[in-house]
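Q: I have a structure to go through before I set anything up. Can you walk me through it?

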Amino acid sequence: MADEAIIGNADQLRAVLAAAGASGAWDWDIVRDRLTVDARFAELYGLGADAADQPLPTAAFFRAIHPEDRARIRIAVAGMLAGSEFFSKEFRIIAPDGAILWMHGRGRSQLDDQDEPIRFTGLLVDVTDRKRTEERLRIAQSAGGIGTFEYRDGFATVSVSSEFCRLLGLHPADRLPVRTINAVVCEDEEPLIPEDGAEPASIDSVFRIRRSDDGADRWIARRGEAMRDSEGSGYRLLGVIYDVTDAKLQETRLRELNDTLEQRVAQEIDERLRAEDALRQAQKMEAVGQLTGGIAHDFNNLLTIITGSVDMALRRLDNSADPRVGRALDNAMRGAERAAALTQRLLAFSRRQPLDPRAVEVPRLLAGMSDLLTRTITEAVAIAIEAPDDVWTIEADPHQLENAILNLAVNARDAMPQGGSLTIAAGNRQVAAHQSDESHVSPGDYVAITVSDNGTGMDADTLTKVFDPFFTTKEVGKGTGLGLSMVYGFAKQSGGSVLIDSALGEGTTVTLLLMRSVQSAEPPADAMDEREPFGSASETILVVEDDDDVRAYTVGTLRELGYRVVEAHDGASALALLDKQDQPIKLLITDVVMPRMSGSELAAAARARQPRLRILYTSGYPRDAIMRDGRLDSGVELLAKPFTFRSLAERVREIIDKG
Amino acid sequence: MITGHVALSELEQDALTEIVNIGVSRAASSLRKMIGDQVVLSVPSVEVVSQRRAARLISEREVVDLIAVRQDFSGPFCGRALLIFPETNSLELVRAVTGGALSAEEAVEMEQEALAETGNIILNSCLATMANMLKRSLSMTIPEVLRGNGATLFEIDETTGSEGLVLFLYIDFAVRQRDIRGYIAMLMDIPSLATLKQLLDEFISRIVGEDG
């Protein structure tokens, strides 16, 4: 009766289990070698409904098992029959409808007093769905390279998947100690599995690890959720890890690329800024040049009037006059001359000075300068001029060259406040093709004029800036900063170059390279007549000048010299005069910069009418009207404003006498 | 599971696992009788690995020092069997086996003896079952207790190039509601393992052969 009750309960149990879609039960009588199964087992195995609860041959246990799993299960059952206590196997069965179902068979043996197994009973549970899910999870893990883990706060071990172990280079296991897992994480990183009992702020994190098996450095991402199964219980960490090394490396490469990109962009910007600075500087210089030119033009006109008038006054001063008047006029003249020199410098610096290059013999030019130099340079400085006679002839504007040398000499003097020695030397120099870069000139024959001092010298940084306009090493107010740049401007304008060599404490040598000329130098003018060369009334000069005061002064001077003068205030009326001339005009003196018709246009028109007409330009600033590359066109004569009574007289005489 | 020239097939591994399971079941039964309380022993899986790998494998799993009971065996195949516990577990085991009646000091005194006895029961049972199931006879030395880490237990010798193989079996060991993690390792050279493999095949064909 107790047995009946058990059977009744077993029926109920079976019903519940069957409803759960789950199970069959078996009872293997080892002693009698008989198998008894329940209805669900019989149904799953396709044994027929009446097979339930009937003794069956034990071989029936294996009948429905998938052939691939059969051997395995036979071995496991053999173990049970030989004395193993527990049976827990998953295997496939082929159901009567052909469906393949995954079963989890779980059983245990019953031993007699001698430890011999007598019964083997168990339960068969359909785990097909779970198995499928597991399969999907396994594929997801292996194909996706994702390892799962579950950690319960306070436990020393973590449940892990084999992919989890593989990612960390650990031997596959179901459980791993927390410390084993965290040991693969690189030292400065936080632990992969929290160790301090505190719930991590964020599960989502990236770790640098050293893989346990091959020692490879990898980046591992951790994602997941922390959950609590009940209030007050510790948290449970359920998550995945996956390798993000490639992404990290790409990120790093990209960042490096980005970083260098920034660097490259910064470089480009720097270069552009430098170029812009240079351009701005050039534009500034251009603007200054324009301004200087404009000022020089008007200023020189005014200076012409001033110097002319003072000159005139001085010449009219007789001996009975108050000597103070003479001194005052001399002072006025010197002031005007200094103003003219300043204007000249500004033009030179902006490379807009009209150059009048001639064949120059440097030794003679230097010899002529010695007086001037001795006066300019203090006695504490010994001056030596070394210019052998075989120095080649060069072509340069002699006045500007003197100016340049004087400038360099003054610089040298200022570099030697305690005194020293200044050497000005001239020598021949051939610049070969391979030297042309360092000399900044095209290959050829040059005359090198060197100005050396043994003064303070300059450091490399200063050297790079010496030619910059307005750069000066002198105290504020002592230098204009235009000296060297003026020299540079002159040299460049003359097709030469300036080289500078200096070191702190070792003095400075500036070398002026000027191209050799094939022409031989003009013989120096005969000792100058003290008296101004006069003209005669048979010589008619046409003066064209838009500035009435300048014209009045010019005309007055020429008339005083005895010339016959006709005048015009612009080009058109000048041409009209030329057309109806009753006496032949010997010389056309014209301003260069005039409204409507420029001096050179007038000259061209006049030459068309009278080809042999001599022309003298007067200009404070001729712009480019009569110059090419900073030099006067051949056959063009220029008298720079302001001019004096004497310079006008000499120049006019010279030109008329030439032809 | 490929090591050297000898690899056990899945079926061979299953067979070995079952044979060892029979052995530990018998040992559990002996222990139950000895201590008069519930003892559950089971071996879920087996792996064949190199000695070096075995050392690494165990040190990955166990962060503390290990304590082991060693028995050498010889016969058609010979080698060395180790029953390994994490050191922290060994006193637990001793107290569990001795019924928790011992003080900590007594447990420490008893440890060596109790471990040697427990290990002897388990290893003897396993080896005897193997011999029985594989229809061969094995002789065994008396048990010895060792302490150390994975490398020392598996006697990794850096100077020799060749190394033996280890049959690595995990044991779930539950005594009086205490879960104790342990391992059985059998160190064998390649010829011995080849012999074992052959004997396992014979065993399998005896079992599965019935199925036809």
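A: To start with a term: two residues are in contact if their C-beta atoms, placed from the backbone, lie within 7 Å. Also, this is a predicted model.

Q: OK, with that, how many residues of chain A are in contact with chain B?
A: 24 residues of chain A are in contact with 22 residues of chain B.

Q: Which elements of chain A give two or more residues to that side?
A: They are α4 (67-82), β9 (175-177) and α7 (178-183) of chain A. The largest share comes from α4(A), with nine residues.

Q: And how do the residues on that side of chain A divide by type?
A: Twelve are nonpolar, six are polar and six are charged.

Q: Switching to chain A itself. How many helices and strands?
A: Chain A has 18 helices and 26 strands. Of its 659 residues, 34% are buried. Taking contacts in chain A between residues at least 6 apart in sequence, 60% join residues at least 24 apart.

Q: Which strands form the open sheet of five, and in what order?
A: The order is β21-β20-β22-β23-β26 in chain A, and the pairing is parallel. β21 (564-568) and β26 (637-640) of chain A are the edge strands, each pairing on one side only. Ignoring direction, neighbouring strands of this sheet are turned by 25° against each other on average.

Q: How many bridges join β20 and β22 of chain A?
A: Five bridges join β20 (residues 540-544) to β22 (residues 585-591) in chain A. As one pair, A:Val544 has A:Thr590 in β22(A) as its bridge partner.

Q: What lies across that sheet, in terms of α18 of chain A?
A: Helix α18 (residues 645-658) of chain A lies across β20, β22, β23 (614-619) and β26 of chain A. The helix runs at about 155° to β23(A).

Q: Next, helix packing. At what angle do α16 and α17 of chain A pack?
A: Helix α16 (residues 571-579) and helix α17 (residues 599-609) of chain A pack at about 15°, and their axes are 10 Å apart. Angles under 35 degrees count as roughly parallel, so α16(A) is roughly parallel to α17(A).

Q: Is the crossing of α16(A) and α17(A) left-handed or right-handed?
A: The crossing is right-handed.

Q: Which residues make the contact?
A: From α16(A) they are A:Gly571, A:Ala574, A:Leu575, A:Leu578 and A:Asp579. From α17(A) they are A:Glu601, A:Leu602, A:Ala605, A:Ala606 and A:Arg609. By type, the contact of α16(A) with α17(A) has six nonpolar residues, one polar and three charged.

Q: Why does A:Asp33 count as exposed?
A: Because A:Asp33 has 12 C-beta neighbours inside 10 Å, and 12 or fewer is the cut-off for exposed.

Q: And what is phi of A:Asp115?
A: Phi of A:Asp115 is near 65°, again a positive value in a residue other than glycine. A:Asp115 lies in the loop between β5 (100-111) and β6 (117-126) of chain A. With 15 C-beta neighbours inside 10 Å, A:Asp115 counts as partly exposed.

Conventions:
Residues are numbered from 1 along each chain as its sequence is written. Chains are lettered from A and ligands numbered from 1 in the order in which they are written. This is a predicted model: local features need pLDDT of at least 70, side-chain atom pairs count only at pLDDT 80 or more; totals for chains, interfaces and linings use all residues. Helices (H or I, at least four residues) and strands (E, at least two) are DSSP runs, numbered from the N terminus. Ala, Val, Leu, Ile, Met, Phe, Trp, Tyr, Cys and Pro count as nonpolar, Asp, Glu, Lys and Arg as charged, and the others, Gly among them, as polar. Axes are lines fitted to C-alpha atoms, for helices over the stretch in contact, and angles run from 0 to 180 degrees between N-to-C directions. Angles under 35 degrees count as roughly parallel, over 145 as roughly antiparallel, 65 to 115 as roughly perpendicular and the rest as oblique. A crossing is left-handed if the near helix is turned anticlockwise from the far one by less than a right angle, and right-handed if clockwise. A residue is buried if 20 or more other C-beta atoms lie within 10 Å of its own, exposed if 12 or fewer, and partly exposed in between; C-beta atoms are placed from the backbone. Two strands pair if DSSP finds at least two bridges between them.
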